Amino acid sequence: MKIIVIANETFPTDQNLTLENINEKKILNPYDEFAIQKASEIKNHKNDEIIIFMISKSDNLYCLKTCLGLGGTSGNLIIFKGNNPKDLAAILVKEIKKQGTFDLILTGEQDVNNPRGDIPYMINSLLDVPLISHCLDIHYSNNKLICKKETDDFLEEISINLPCIISFRKNVYEPKYPSINDIMSINEKPIFLNYYNKSENNLYLKLKIYNVKRQNKIYKNIDSDKAVKKISTYLDEWGLNGGLYEYINLFKSKK
Amino acid sequence: MYSLKFTEEQERICQMVKDFSLNEVAPGAKERDINGDFLGTRDLLKKMGKLGLMGIPYDKKYGGAGLGYLEYALAGFELNKVDASLGISYSVHISLGTGPIYNFGNEEQKQKYLPKLCSGEYIAAFGLTEPCAGSDASASQCTAVKKGDKYILNGTKCFTTNGEFADVIVVFAMTNPELGTKGISAFIVEPKNYPGIKFIKREAKMGIRASVQNVIEMENLEVPVENLLGQEGKGFKIAMATLDCGRIGVAAHAVGIAKGAYEYALNYSKERVQFGKPISKLQVIAFKLADMYNKIEAAEAVTLKAAWTKDEHAPYSIPAAVAKLTATNVAMEVTTEAVQVLGGTGFTMDHPVERMMRDAKITQIYEGTNEIQKLVISGAILR
């Protein structure tokens, strides 16, 4: 299995930052750290890969190596000084495509210090691979990925075939620590550096944005089987069914 | 070449132990101390085993991390900042319990015990001290008589850290009392598997209350001949060499306690306001903090030097004695001053400095009292 994890570094909240140490004192974004933990849990075999992608403004490898210590098998540091989410998404897609086929892309939904914008959705659109966002947890069984997802009123479990993209809304609550062996093996893992220039115009892969108003439909007194079929037809109609998935547990819970 | 700059791996190990200490160890440290919860300490040791910390200085082929005493000392600094009870249990396991098997065991003994000790599956202890044999280890009265394919051990050991939950205890006993120190032999005892061993007392102590020190009674304890460590009569040398290693761990233990107390006092002094300003702005407190910092820097330096010397396979008895003597005295001084900085509230259990001060005292006593260290150092310099 080839799992890609998109990770970012961020500023620590418990340290005194100065102009001198601001580039050195970065830590791994906890939402992405959770993604790496999940990738490590899903990784079944020794030959499975967890490929880390990180975009940074500097070539400091500390955070990328932290990812390798937490389970990554190889790392790609992309040095790019821009901030535009479209640029970032385009670069990531370009680099991911160099990897060939993949099974899963995991990432955090946001950085601690600033929202990540629509990057996961842009990657979903550019790669044409289904995305499940707002995920709290995943596990893999019988060649399917089961995702626990949070929405405004619902906690639901969704089963999805691979390949797909998962973005996590959860950061690390119970940290996993790299063992001594993990730490000592970091320097044995390959790391690749790629530099991107802001002025390169071919970064843009155009996104089509549909400005549509979808008709809402309300069904009353309908059982869950029929409801699932209706929803599936509706999603097919509007091109929202990006992959084969089925609701296996649908329940309401008030937060 | 002695370098004062840590490698990236060493920094990462420090960070990992620091994160583990803050998240897993610190939250229950006060309660474990109040309740004498040594089983909680044992559970933390098991967790540390999964991180590879229980075999840091031992060879990879035996399941260790393949690192050295420098990394062990660095881990000790971070761990002892938050819980000295866990620190001492850890130090005894690594240096006193596992060390003799690693350094003096035959290949069968190493293959049998070291992988489990390095993974944390087994916890080790050290049974040298007796009620009548403390600093004078040669006054041992425990006996070991060979009968067929077993040694029969009789006698009492005290202050055996980790004793009650240890899977392996390295025990010293007289195989030939007429020869004095040359008649002492070392044995690997499995207390859970060998009948004839009883834990008759848990010491009620002033400090390190979340670690257990037992009085052990051996009554016709049968130990297989293959569990003789080294050769008959070499036990005293094994004990002394082991204590030399252990002193580096004790020094790291003491430096960690001192650092924890200093950092707490420093942060407190920045918040506590008296006479209209934080007490850190008062020169008398600022100078106390400066003295504490100064002493810790010196203690840390000699400890790292001793660890480095051992890793370089150079004679390290004197540097280890210097480190133990210096660091333990500093720990006592710094923790006492930390309580002083916090004032009346530092004397209460609301703050951890009183626990650190109680914990620091034992470091001046165990694994060779500071008076013995002075004996060792003066013996070397006046040779």
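Visitor: On what conventions and confidence limits does the description rest?
Guide: Residues are numbered from 1 along each chain as its sequence is written, and chains are lettered from A, with ligands numbered from 1, in the order in which they are written. The model is predicted, and totals for chains, interfaces and linings use all residues, whereas local features need pLDDT of at least 70 and side-chain atom pairs count only at pLDDT 80 or more.

Visitor: How many helices and strands does chain A have?
Guide: Helices (H or I, at least four residues) and strands (E, at least two) are DSSP runs, numbered from the N terminus. On that basis chain A has 6 helices and 12 strands.

Visitor: What percentage of chain A counts as buried?
Guide: A residue is buried if 20 or more other C-beta atoms lie within 10 Å of its own, exposed if 12 or fewer, and partly exposed in between, with C-beta atoms placed from the backbone. Chain A has 255 residues, and the buried part amounts to 30%.

Visitor: Which helix gives the largest share of the side of chain A that touches chain B?
Guide: Two residues are in contact if their C-beta atoms, placed from the backbone, lie within 7 Å. By this criterion 9 residues of chain A are in contact with 13 residues of chain B. The largest share of the chain A side, 4 residues, comes from residues 180-184, which form helix α5 of chain A.

Visitor: How many charged residues does that side of chain A have?
Guide: Ala, Val, Leu, Ile, Met, Phe, Trp, Tyr, Cys and Pro count as nonpolar, Asp, Glu, Lys and Arg as charged, and the others, Gly among them, as polar. The side of chain A that touches chain B has 6 nonpolar and 3 polar residues, and the number of charged residues is none.

Visitor: Why is chain B described as being as compact as a globular protein of its length?
Guide: Chain B contains 11 helices and 10 strands, and its C-alpha trace spans about 80 × 45 × 40 Å along the principal axes. The radius of gyration is taken over C-alpha atoms, and the globule rule is 2.2 Å times the number of residues to the power 0.38. For 383 residues the rule gives 21 Å, and chain B is as compact as a globular protein of that length because its radius of gyration is close to this, at 21 Å.

Visitor: Which elements give two or more residues to the side of domain 1 of chain B that touches domain 3 of chain B?
Guide: An automatic or database domain assignment supplies the domain bounds, and chain B is divided into domain 1 (8-123), domain 2 (125-234) and domain 3 (237-381). Domain 1 of chain B places 25 residues in contact with 25 residues of domain 3 of chain B. The elements giving two or more residues to the domain 1 side are α2 (29-35), α4 (69-82) and α5 (84-104) of chain B.

Visitor: How many residues of α4(B) are buried?
Guide: The expected span of a helix is 1.5 Å times one less than its number of residues. α4(B) reaches 21 Å from its first C-alpha to its last, close to the 20 Å expected. This helix is largely enclosed by the rest of the structure, because the buried residues number 14 of the 14.

Visitor: Is B:Asn162 buried or exposed?
Guide: B:Asn162 is found in the loop between β3 (150-161) and β4 (168-174) of chain B, and its phi is positive, near 70°. Most residues other than glycine have a negative phi. With 28 other C-beta atoms within 10 Å, B:Asn162 is buried.

Visitor: Where is A:His134 found?
Guide: A:His134 is not a glycine, yet has a positive phi of about 60°. The residue is partly exposed, with 17 other C-beta atoms within 10 Å. Its place is within residues 131-141 of chain A, strand β7.
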